[in-house]
Amino acid sequence: MSESLSQIFIGTLLANNLVLAMFLGLCPFLGVSARLNTALPMGAATTFVMLVASLCAFGLNWLVTTFNLEFLRLIAYIVIIASAVQLVEMVLKKYSPVLFRALGIYLPLITTNCAVLGVALFQTARDYDFLQSVTFAVAGGAGFTLALLLMAGLRERLNLAIVPNVVQGTALSLMLAGLLSLAFMGFAGLGAGE
Amino acid sequence: MIPGQKQLSSLEELLEGIWKQNPVFVMVLGMCPVLAVSVSAVNALSMGLATLFVLLGSTLLVSLLRNVVPREVRIATYILIIATFVTVVDYLIQAISLAVYDALGAFIQLIVVNCMILGRAEAHASKNPPGRALLNALGMGVGFAIGLFAIGAVREILGAGKLFGFALFGPDFQPWVIMVLPPGGFFVLGAWLLLFNWLNSRKATPVKPVEGHAHV
């Protein structure tokens, strides 16, 4: 596997966007994307957790393979992610209580955000070295934030539109996500393509 | 169970997850694996069964340990229990069928972060005796598998013209490729939700006399 760093970055950010092409992290994507001003902090917090988790996962993976404990890999990753989320939660609570309250239940739920665990698992599966892992995590986080922001912008506009009662709610959000995903398919082949 | 709430009968408990509280169509939980692996009916079904296994195993353990685990560390404990069962499933699928394992890829391990399973552990298994919790988990797991299958089958039929790998239409069939690509997942799930919304809205609003005889 010899993908260049820029290939990984562009590929993960656009062509293989974690949310829109790989379906990771859909719960916060549909849950927090109602307003623009909570979408950005949520994206930033997730990106940070992703980066920390990716760094720790890289170290852990080395540890686990050295001692032939591969069956513990998944459990170890999950514990690391949960701790990283706890850290972000404490920092936010201290420095920005307003934001802390705005994000509410979705902050602890970053633990069960599949995008975070997904990044850690994919970097292991693809045998990325240290720099590649970091690039992958940052690009993944940026891609998640981008998708969240786009979706939030669209949904704010959508609130003003008149739609039939039957369509309202999650069904409409999913259709919208489908269209967004369709648009992102235009990036296919950019960066680290097949 | 919340005190004061009517105790459900065993059958109702089982059916709760399959129909009234279906995790895919009603609660919209655990969407990531639903959309990612539902490109074909076989994949969707294997994913559904794997999730069912993890759900049953972790529910049993969480329910048995419900009076032992301290409240403060319960979520961490649940996740560890779930992760253990996922590791078991991961190796199990690898042993049974390498083809399925390759198709599902990292998504088997991602069952750990399926919010549906953690939600069940927190909301139901931690408050109910093993028998009742297992019944509820069985219903939820089957409901989840049905939901996955419903999406996977539609996507395979429309996107590849096949079901379980058998061609349904003649050689002239033009596959609707977008359905097996990522946007198709969103569209199909959205369409199913629309259908259920429509059915519910018909049930909720009393039938007006004018529409009473209108046959479509």
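Biologist: What order do the elements of chain B run in, from the N terminus on?

Modeller: In this predicted model, chain B runs α-α-α-α-α-α-α-β-β-α-α. That comes to 9 helices and 2 strands.

Biologist: Why is Gln94(B) called partly exposed?

Modeller: Gln94(B) has 13 other C-beta atoms within 10 Å. Buried takes 20 or more, exposed 12 or fewer. The value of 13 lies in between, so Gln94(B) is partly exposed. The residue sits in helix H4 of chain B.

Biologist: How far is Gln94(B) from Ala204(B)?

Modeller: Their C-alpha atoms are separated by 46 Å. Along the chain, the two residues are 110 residues apart. For the overall extent, the C-alpha trace of chain B spans about 60 × 55 × 25 Å along its principal axes.

Biologist: How much of chain B is buried?

Modeller: Buried residues make up 43% of its 216 residues. Each of them has 20 or more other C-beta atoms within 10 Å of its own.

Biologist: What share of the contacts in chain B links residues 24 or more positions apart?

Modeller: The share is 76%, taken over contacts with a separation of 6 or more. A contact here is a pair of C-beta atoms within 7 Å.

Biologist: Where is confidence lowest in chain B, and where is it highest?

Modeller: Helix H9 of chain B, residues 209–212, is lowest, at a mean of 43. Helix H3, residues 41–64, is highest, at 90. Chain B averages a pLDDT of 81, and 91% of the residues score at least 70.

Biologist: What happens over residues 208–216 of chain B?

Modeller: There pLDDT stays under 50. The model has 1 contact beyond four places in sequence for this stretch.

Biologist: How many residues meet between the two chains?

Modeller: 32 residues of chain A are in contact with 32 residues of chain B. H8(A) gives the most to the side of chain A that touches chain B, with 8 residues. By class, that side has 25 nonpolar, 7 polar and no charged residues.

Biologist: Which scores does the predictor give the complex?

Modeller: An ipTM of 0.80 and a pTM of 0.81.

Note on methods: Residues are numbered from 1 along each chain as its sequence is written. Chains are lettered from A and ligands numbered from 1 in the order in which they are written. This is a predicted model: local features need pLDDT of at least 70, side-chain atom pairs count only at pLDDT 80 or more; totals for chains, interfaces and linings use all residues. pLDDT is the predictor's confidence in each residue, from 0 to 100. Helices (H or I, at least four residues) and strands (E, at least two) are DSSP runs, numbered from the N terminus. Ala, Val, Leu, Ile, Met, Phe, Trp, Tyr, Cys and Pro count as nonpolar, Asp, Glu, Lys and Arg as charged, and the others, Gly among them, as polar.
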